[in-house]
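Please work through the exercises below with the sequence and the 3D structure at hand, trying each task before reading its solution.

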Amino acid sequence: MNDDLTNDRPLDDDLATPREYGGSSGGFGSVEGMAKVMRREMPSPGVAETLMRQNKAEGYMCASCAWGKPKHPHTFEFCENGAKATIWDLTRDRCTPDFFAQHTVTELREWADFDLEMVGRLTAPLRYDAPTDKYVECSWDEAFTGIAKELNALDPKSVIFYASGKASLESSYLYALTARFYGNNNLPDSSNMCHETTSVGLKNVIGSPVGTCTLEDFDHCDAIFYFGQNPGTNSPRFLHPLQDAVRRGCKIITFNPVREIGLVRFIDPQSPVQMLTQQPTQLSHMYLQVRPGGDIAAIMGLCKHVVAVDDARTAAGDPSVLDHGFIDQHTHGFDAFIAQARATGWDEIERHSGLKRADLEAAADVYVAAERVIGVYGMGLTQHVHGTQSIGMLVNLMLMRGNIGRQGAGMSPVRGHSNVQGQRTVGISEKPELVPLDKLATMFDFEPPRDTGHTTVDACEGIRDGSVKGFISLGGNFVRAIPDREIMEKAWQHQQLTVYIATKLNRSHLIHGRVSYVLPCLARPEEDVQASGPQTVTIEDSFSHIYGSVGRRTPASDTLLSELAIVAGIAQATLPANPKWRWDEWTADYGLVRDLIAETYPEEFHDFNARMFEAGGFYRGNAAHDRIWKTDSGKAEFTHPTTMTALGIGDAPGRFHLITMRSNDQFNTTIYGFDDRLRGLSGSRLILLMNPRDMQREGLKEGDIVTLAGDADDDTRRAVEGLKITPYDLPDGCVGGYYPEMNPLVPLWYHDEASKTPASKGVPVRIDR
Ligand SMILES: Nc1nc2c(c(=O)[nH]1)N[C@H]1C(S)=C(S)[C@@H](COP(=O)(O)OP(=O)(O)OC[C@H]3O[C@@H](n4cnc5c(=O)[nH]c(N)nc54)[C@H](O)[C@@H]3O)O[C@H]1N2
Ligand SMILES: Nc1nc2c(c(=O)[nH]1)N[C@H]1C(S)=C(S)[C@@H](COP(=O)(O)OP(=O)(O)OC[C@H]3O[C@@H](n4cnc5c(=O)[nH]c(N)nc54)[C@H](O)[C@@H]3O)O[C@H]1N2
Ligand SMILES: [Mo]
């Protein structure tokens, strides 16, 4: 393991004690976590009612993660972090034009992310006023006309229409139309920083850009192979099906460099018995602390052992453990892959994965013994330079025993934002081949742009080289979320136009273009009344199920517009009149927009308005789930990795691989607080997690303050200062720090080779003193 990282100083026994959390995920800690935000935010009345309706049919669909909403929900079908997200939206605090009158933008740039959002909900449209360096109130008309004037002066190819994965299917559909009517496919989505590796990688090998499982599959699986996803923090409602599965006898095999408590033990806060006895359920049957990027090698080890078991069994005259019927009928490339698995040496597998052969063999035995297996993964696979290959490897493993396209088995990427998958489904995509452009041309009487638009990384490159001149943002905090943040912030301000549709103030709004608007919108729990009455919006979860969501809370301010109304307002002011572009009617009745979605995608969305309140959502279907492979070969593809590590830059003396992580007290760039309860950390986010052996090798003590510098073999100096060394149980040669604080260290060019997803999980760094 990592031999070249050790220096010659011998290690003594006096190692620091790594931090860890003694409790379980769930339990009283999660209740206290909610209560803390509740006390601080003093949310508006009615929040309890909203929480009771959260994720239930005809209720409000949580705006936090994209986990499925079961047909038979719990009484409290929300989690600690979902509740925090709702309370955060329903705060009583307001960020009014008066606030902006008191602070220049330059001054606000010095504020921490947490403090910016803590000011409260934005209440009125704002225009940047250069002479005073302040955002000043403007009317909606003024905002729309001002934006239209700029857009009409710009080359449509130089403008980006970014979307963060929260906006509804209805607003997203109209947003994508707006970009195309205007003249570009520049529709990057937050998923470009996230599961784009899935959209590209999974599509290449099984023909489906999304997971093949449904929530019910978790009731039937015998094993779950769980890679690089942290349910305790990022999808806590997943802990319930995991707990149920374990109680049925299902085995969870976890691969993660970090021992995430959510995958170790769980107390169901909704179970009085468990809360009283405080007896947690042990979740993972094996917890394998793979090196960052070591998953390709680890899965190769699993596959290699499956082949060895198969050889032994067939030699003894026993039935094969491979599903040859499935392999012959449904797959392509099996022989070449098996030859590679046989040829790959255990030494190579152990070195890159950081795992022991015996452990991988034991894990593979669980795989072989299980009739039905689900492969779960998250950012630990997707955010690597060779992330697509890791996903291909997981598919290889699953295909060997026909574990895709039957009950209790399949691929289950856990998506991020609550509607991020849905935004792609309804046309927010920079890839024109994924959108039925001919149909749109007929429906809306226009000539759609056919050229490939900008991904997130392309957009950043365009901003840096000056070819991108305008940026519209439907939610999100782009400048904070992207790689090479410091370089990007400087380039950003040369743009002519920036428009931010948002609920709360964030750093992106302060790194504005020459002309800039911040446009405040309703949050999902709020009532959205239009000319035809109260409106419903819809979203799609990780399992391709679609749900209606009804907001009932009084909006934070009378002046707010819905996201859809803002998109339509910009479109109408900017674009020429066209009898088929019915902005006013669409805004008056979102049901008409759902009709358009149904017309555009009839297979998935037929009878949309009638089906949107089905309990458990309606399923839009998935070809690979039915063993129809929409790949070039018409079969599921075994792939042949060209590398055993997903890291783009390998080991070198003094180099560490940085994992940028999320705490239990944040939603992406929104920081709820400074605790990371499930990791036993609190008080500060400016910390650097390091294992005691590496600390000793580097001559560091707990509490030392260091600078972390980029070590990416290019000419750019990247650094984050003031990080406090904190001992933590991590593989050798790996350090951990928080996203987004660490983003200046991620080079823009360091991204997944196929999808351009930034490689935020294996960032080459060194410690500077
Ligand atoms: N409360 C809350 N919920 C969220 C979010 C949030 O910030 N807060 N964010 C939302 C969004 S947009 C997304 S995309 C998802 C993200 O949810 P996840 O996919 O869980 O993303 P991360 O927490 O970034 O990282 C996941 C795990 O990958 C592990 N890991 C890192 N490197 C590797 C590796 O090389 N191999 C393996 N096997 N594991 C590795 C990390 O230790 C971590 O446990 O969550 C969504 N839900
Ligand atoms: N280093 C590193 N970088 C990463 C990641 C990582 O793991 N490591 N993760 C990546 C991932 S997975 C993602 S998805 C991106 C996230 O990137 P984004 O999606 O762009 O960022 P968020 O932090 O989710 O955006 C938060 C802001 O959204 C606005 N907002 C909240 N709710 C609403 C709403 O209902 N409507 C509107 N219009 N606005 C709203 C608020 O103003 C809030 O400040 O970051 C990526 N960046
Ligand atoms: Mo994400």
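This is a predicted model: local features need pLDDT of at least 70, side-chain atom pairs count only at pLDDT 80 or more; totals for chains, interfaces and linings use all residues.

Residues are numbered from 1 along each chain as its sequence is written, chains are lettered from A and ligands numbered from 1 in the order in which they are written, and side-chain values use heavy atoms, with hydrogens and water left out.

**Exercise 1. Describe the chain as a whole.**

Solution. Begin with the secondary structure: the chain has 31 helices and 33 strands, where helices (H or I, at least four residues) and strands (E, at least two) are DSSP runs numbered from the N terminus. Next, compare the radius of gyration, taken over C-alpha atoms, with the globule rule, 2.2 Å times the number of residues to the power 0.38. The chain has a radius of 25 Å, close to the 27 Å that the rule gives for 769 residues, so it is as compact as a globular protein of that length. Finally, consider burial: 67% of the 769 residues are buried, meaning under 20% relative accessible area with a 1.4 Å probe, protein chains only.

**Exercise 2. Work out the order of the open five-stranded sheet and find what packs on it.**

Solution. First, count two strands as paired if DSSP finds at least two bridges between them. The order is then β11-β8-β7-β13-β14, with parallel pairing, and the edge strands, pairing on one side only, are β11 (284-288) and β14 (410-413). Second, look at one pair in detail: β7 (residues 223-227) and β8 (residues 251-255) are joined over five bridges, and F227 has F255 in β8 as its bridge partner. Third, turn to helix α17 (residues 357-369), which packs on the sheet and touches β7, β8, β11 and β13 (373-377); contact here means heavy atoms within 4.5 Å.

**Exercise 3. Classify the ring pair of W88 and Y672, and locate both residues.**

Solution. Start from the criterion: rings of Phe, Tyr and Trp (its six-membered ring) pair if their centres lie within 6.5 Å, and planes under 30 degrees apart count as stacked, over 60 as edge-to-face and the rest as tilted. The whole structure holds 38 aromatic pairs. For W88 and Y672 the centres are 5.2 Å apart and the planes stand at 75°, so the pair is edge-to-face. W88 lies in helix α3 (residues 80-89) and Y672 in the loop between β26 (670-671) and β27 (675-676), so that the pair links parts of the chain 584 residues apart. Both W88 and Y672 are buried.

Terms used
Axes are lines fitted to C-alpha atoms, for helices over the stretch in contact, and angles run from 0 to 180 degrees between N-to-C directions. Buried means under 20% relative accessible area, exposed over 50%, partly exposed in between (1.4 Å probe, protein chains only).
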